[in-house]
Amino acid sequence: MNYFFITGLPRTRSAWSSHYFNTEDSYCLHEFTGRLKDISEAKGFLKSKGKLISGSADSALVYYQDEIEKQFGIDVPIVIVKRDTLEVLDSLHKTFPCGILDIKCKEYGDILIDGEILLNNMAERFTNVMTIPFNMLSDEATMRDVHRHIGIPFDKERFEYFDLMNISIIPNKWINQKK
């Protein structure tokens, strides 16, 4: 079994990525760090899905680098999606104007600065990291490279279908599910 991870700051299409990379042979869970009781369960959980390759698209992965290295090694394929921090901040304010969970909206800037530092640390720490600009998620050549990187065959028809979609969470449902 092979594993992969996709991460970036919040609002970098992790929900879209999790749907896109769920195929007949692969499984990708959106935000597994918030769904598992203990991150140490990650490998067993992904393995239990019975797919040839499994992973997660999750902006919180940067906070679990020690556990990811322990369970998956430093050479696990990771894709970091880079989006302009001010764009992320604007998107967070539009989507979660009153804050999210226990995070107040005035804290977004500090969290994003910490996130950028942790993403840079992850890119240096792990040996199999591919970094792509956010706006290149709609570029076929870039996505072919991402597919090669994480080991999932590229399907042009699937790419063209998903490229038309904007998949995102519903803020109130997401917040209530996380409580």
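Arg148 counts as exposed, at 59% relative accessibility, where exposed means over 50% relative accessible area, buried means under 20%, and partly exposed lies in between, with a 1.4 Å probe and protein chains only. This is a predicted model, in which local features need pLDDT of at least 70 and side-chain atom pairs count only at pLDDT 80 or more, while totals for chains, interfaces and linings use all residues. Residues are numbered from 1 along each chain as its sequence is written, and side-chain values use heavy atoms, with hydrogens and water left out.

Let me stay with Arg148 for a moment. Its side chain meets that of Asp145 in a salt bridge of 2.4 Å, N to O, and by salt bridge I mean a side-chain nitrogen of Lys or Arg within 4 Å of a carboxyl oxygen of Asp or Glu. Asp145 is partly exposed, with a relative accessible area of 34%. Because they are 3 residues apart in helix H6, Asp145 and Arg148 are separated by about one helical turn; helices here are DSSP runs of H or I with at least four residues, strands are runs of E with at least two, and both are numbered from the N terminus.

A search of the whole structure finds 9 salt bridges.

Now to the sheet. In the order E2-E3-E1-E4-E5, 5 strands form an open sheet with parallel pairing, where two strands pair if DSSP finds at least two bridges between them. Strand E2 (26-30) and strand E5 (129-133) are the edge strands, each pairing on one side only. Strand E1, residues 2-8, pairs with strand E3, residues 53-57, in the parallel sense over 5 bridges, and Ile6 has Ala57 in E3 as its bridge partner. Helix H5 (residues 108-125) packs on the sheet, touching E1, strand E4 (78-82) and E5, and its direction makes about 145 degrees with that of E4; axes are lines fitted to C-alpha atoms, for helices over the stretch in contact, and angles run from 0 to 180 degrees between N-to-C directions.

Finally, is His30 buried or exposed? His30, which lies in strand E2, is buried, with a relative accessible area of 9%. Leaving aside neighbours within four places in sequence, His30 is in contact (heavy atoms within 4.5 Å) with Ser14, Ala15, Ser18, Arg35, Ala57 and Ile169. The side chains of His30 and Ser14 are joined by a polar contact of 3.0 Å, a term for a pair of N or O atoms within 3.5 Å, where within protein one must be able to donate a hydrogen and the other to accept it, and residues adjacent in sequence count only if both atoms are side-chain atoms.
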